Amino acid sequence: MSHDTAESLHTDDSLRWEKLKNRLFLGLCISASLFGVVALVLLLADVVYESVAGIVEFDISIVHFLTQGARRDPEDAGFMAAIAASVWLMILTTLMAFFIGVSSAVYLEEYAPDTRITRLIEANLANLAGVPSVVYGLLVLAAIVNGIGTGSILLAGAIALALLIVPIIIVATQESLRAVPDGLRHGSFATGATRWQTIRGVVLPAAMPGIFTGTILALARAIGETAPIIMVGILFTARTPPGPFDTFSAMPSQIYIWAAQPQPHFHHLAALGIVVLLAFMLSMNAAAVFLRNRYETDL
Amino acid sequence: MTDNQSEWERVAGVSRRSFIAAAGTVGVAGLAGCTSSFGGDDDGGDGISGTITATGSNTVAPITDRAGETFMDEYPDASVDVDPQGTGAGFSEFVQGNSDVQSASRMISEEERADAEANGVGWDYFEVGTDGLAVVKNAENDWLEEITLDELKAVWEFESDIELWSDIRDEYPDEEILLHARDSASGTFDYFTENIIGEVGLIRDDYSATSQTNEIMDAVAGNQYAFGWGGVGYYHAIADDQPIEAVPVESDVDGEFYPPEEEYIEDGVYSPMARPLFIFLSHYSLEDRPNLIGSFARFYFNGQREFAPQEGFYASPPEMPQENHDKLDAVLEDLGVEDQVDVQPDV
């Protein structure tokens with residue numbers, strides 16, 4: 001039975017086998033790539049089914065759900081206060097994370113010499129991006145909520161989320177800055193522009209679409225984060241829209257609490273809450289894709 | 001870099017720098033605003049306003065939250081913030097004076113008493129409702145009709161050698177028993193281990209432990225050979241729709257077997273599987289904001305026999321609200337603030 005390789009390649013049998021292997025491998029790759037899509041479709045189908053069942057069986061009014069705060073009675077409960085808390089979190093997180101992230105990336109890409117210290121900073125940023133989100137929650141709980149004694153306020157939650165996404169924004173910004181051709185910088189320098197003028201007038205405008213895309217994707221991740229928010233502390237029932245210095249329950253934590261209640265009515269509210277949260281995340285992702293496509297050609 | 005320094009300064013432009021300075025100032029002002037609002041809850045003597053921080057049990061939180069919601073409907077300037085982390089985690093905040101109202105599904109432990117004393121935090125407890133623990137099985141389980149306290153202990157005790165249903169009674173099937181219950185963070189866990197097994201925390205370590213009673217009920221409804229226990233409110237919420245049944249448990253009052261139903265729990269014969277639920281009030285908070293905290297406590301006691309059943313629990317005994325008011329009277333008098341509380345007993 002022992003063929004030598006060259007010979008076996010030329011027999012019909014082996015050729016068929018080789019082609020079969022090729023097709024099997026292709027099939028394997030396709031099913032691997034479909035795996036994620038199928039999981040997403042199943043998740044969406046389950047959540048939509050639960051929400052529709054809630055609307056039909058328990059007579060949940062969508063308008064009421066979107067305009068009222070949460071209550072102890074599931075019939076009266078709405079999601080508005082949690083949505084408001086999440087919007088506040090996004091605004092404050094963006095304010096903190098965007099400027100820190102972009103400034104760090106500009107420094108690392110445009111100014112910093114390639115020294116051991118710079119490489120150490122970059123390696124640590126890569127590590128930070130891999131830290132589990134609950135750790136940021138614990139950090140903020142210890143340092144700010146209990147350390148400074150702010151209590152479980154919304155601003156503390158925003159700080160936890162900002163810490164979480166700063167490394168992501170830095171990496172995305174670095175990528176965008178690297179994608180700006182050096183020719184543009186040299187051209188700018190050749191006209192006598194300073195480094196600051198070059199960065200402000202040439203590099204950043206060219207890199208901005210990429211930076212925005214990265215930031216929006218990072219925020220889309222932050223809005224769904226539950227662990228750091230729960231660590232910082234959450235309201236059992238988010239009744240009224242909070243300000244930055246109030247205790248709060250954002251969308252993910254209110255969903256978490258509803259899902260843990262005994263009454264099935266609350267579980268359907270949680271499903272509807274997930275739909276709203278997913279709508280936020282998908283529109284943020286869509287905005288990121290739109291920005292990328294829109295400005296890709298202009299560069 | 002260095003040779004560009006002067007140019008850098010020049011082109012940066014005044015407007016931009018002043019913008020940054022302005023933004024910084026706004027940021028600092030914002031932070032200052034937030035520090036001043038941290039402790040600014042005093043109610044100034046007249047009117048009930050301010051924020052009450054409530055920690056504690058996941059089990060009792062719905063009752064306290066319901067009381068808070070009704071209180072806030074009545075007094076819109078007051079806010080009751082309930083952040084349940086579990087009885088134990090809540091006590092560790094409460095004994096440091098970080099919490100005004102602590103919900104608890106068990107009594108305060110020796111260690112927690114000592115901590116409170118070391119920190120100079122005085123407290124009193126008040127019974128606000130009754131919870132039953134349901135022992136649950138799958139509806140397809142047709143062999144287990146009742147369970148004695150000894151059998152329950154044998155199944156759950158530390159290093160228990162019960163692996164199969166037939167290890168409990170010979171006539172039960174030779175199938176593995178799948179155990180589901182609460183994890184050690186909960187007061188429910190402490191209550192069960194203390195009252196059924198005999199010592200807090202002394203439980204076998206090979207069961208599926210969770211912080212969500214829902215998960216216990218779902219798991220038992222999903223498998224014929226599953227067995228578990230959890231708050232009776234969770235059992236009743238799904239008992240009509242899911243294949244799950246409560247097992248009648250031996251009473252330590254009369255030796256009969258009772259299911260976790262209202263009549264047996266409120267009669268007191270569903271014992272030791274029914275337990276009182278408490279709130280603890282901090283003396284420091286009562287002294288600091290007597291009208292706010294005292295009024296909330298009065299309001300809670302006035303309505304407690306309604307709040308608990310609305311949340312799937314059982315009312316405390318009828319004499320409890322009056323006993324709680326009397327106890328609070330004594331505390332307020334001790335603190336010298338008895339005439340500063342607006343809400344009066346109404347039971």
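**The A–B interface and the aromatic pairs of chain B**

Good morning. Across the interface of chain A and chain B, seven salt bridges are found. Please bear in mind throughout that we are looking at a predicted model.

One of these contacts can be named: Arg72(A) and Asp65(B) meet through their side chains in a salt bridge, with an N to O distance of 3.9 Å. Polar contacts across the interface of chain A and chain B come to 15 residue pairs, both partners being at pLDDT 80 or more.

Which helices of chain A each supply at least two residues of the side that touches chain B? They are helix H9 (195–224), helix H11 (251–259) and helix H12 (264–296). H9(A) gives the most to that side, with four residues. By class, the side of chain A that touches chain B holds 13 nonpolar, 11 polar and six charged residues.

As to the extent of the interface, 30 residues of chain A are in contact with 31 residues of chain B. The two chains bury about 2,600 Å² between them, and 51% of this lies on carbon and sulfur atoms. Within chain A, the residues that lose the most area to chain B are Arg72(A), Phe236(A) and Pro262(A), which together account for 22% of what that side buries.

I turn now to the aromatic rings. Over all chains, the count comes to 28 aromatic pairs. Let me take two of them, both in chain B.

In the pair Phe91(B) and Phe94(B), the ring centres are 6.3 Å apart and the planes stand at 75 degrees; since an angle over 60 degrees counts as edge-to-face, the pair is assigned to that class. Both residues belong to helix H4 (residues 87–94) of chain B, and, because they are three residues apart, about one helical turn separates them. Phe91(B) is buried, at a relative accessible area of 0%, and Phe94(B) is likewise buried, at 0%.

The second pair is Tyr125(B) and Phe280(B), whose ring centres are 5.9 Å apart with the planes at 40 degrees, so this pair is tilted. Tyr125(B) lies in strand E4 (residues 123–138) and Phe280(B) in strand E11 (residues 274–282), so the pair ties together parts of chain B that are 155 residues apart in sequence. Buried or exposed, where does Phe280(B) fall? Phe280(B) is buried, with a relative accessible area of 0%, whereas Tyr125(B) is partly exposed, at 31%.

Finally, ring pairs link Phe71(B), Tyr75(B), Phe296(B), Phe299(B), Tyr300(B) and Phe307(B) into a cluster. Thank you.

Technical notes
Residues are numbered from 1 along each chain as its sequence is written. Chains are lettered from A and ligands numbered from 1 in the order in which they are written. This is a predicted model: local features need pLDDT of at least 70, side-chain atom pairs count only at pLDDT 80 or more; totals for chains, interfaces and linings use all residues. Side-chain values use heavy atoms; hydrogens and water are left out. Contact means heavy atoms within 4.5 Å. Buried area is the accessible area (1.4 Å probe) that two parts lose on being put together, summed over both. A salt bridge is a side-chain nitrogen of Lys or Arg within 4 Å of a carboxyl oxygen of Asp or Glu. A polar contact is a pair of N or O atoms within 3.5 Å; within protein, one must be able to donate a hydrogen and the other to accept it, and residues adjacent in sequence count only if both atoms are side-chain atoms. Ala, Val, Leu, Ile, Met, Phe, Trp, Tyr, Cys and Pro count as nonpolar, Asp, Glu, Lys and Arg as charged, and the others, Gly among them, as polar. Rings of Phe, Tyr and Trp (its six-membered ring) pair if their centres lie within 6.5 Å; planes under 30 degrees apart count as stacked, over 60 as edge-to-face and the rest as tilted. Buried means under 20% relative accessible area, exposed over 50%, partly exposed in between (1.4 Å probe, protein chains only).
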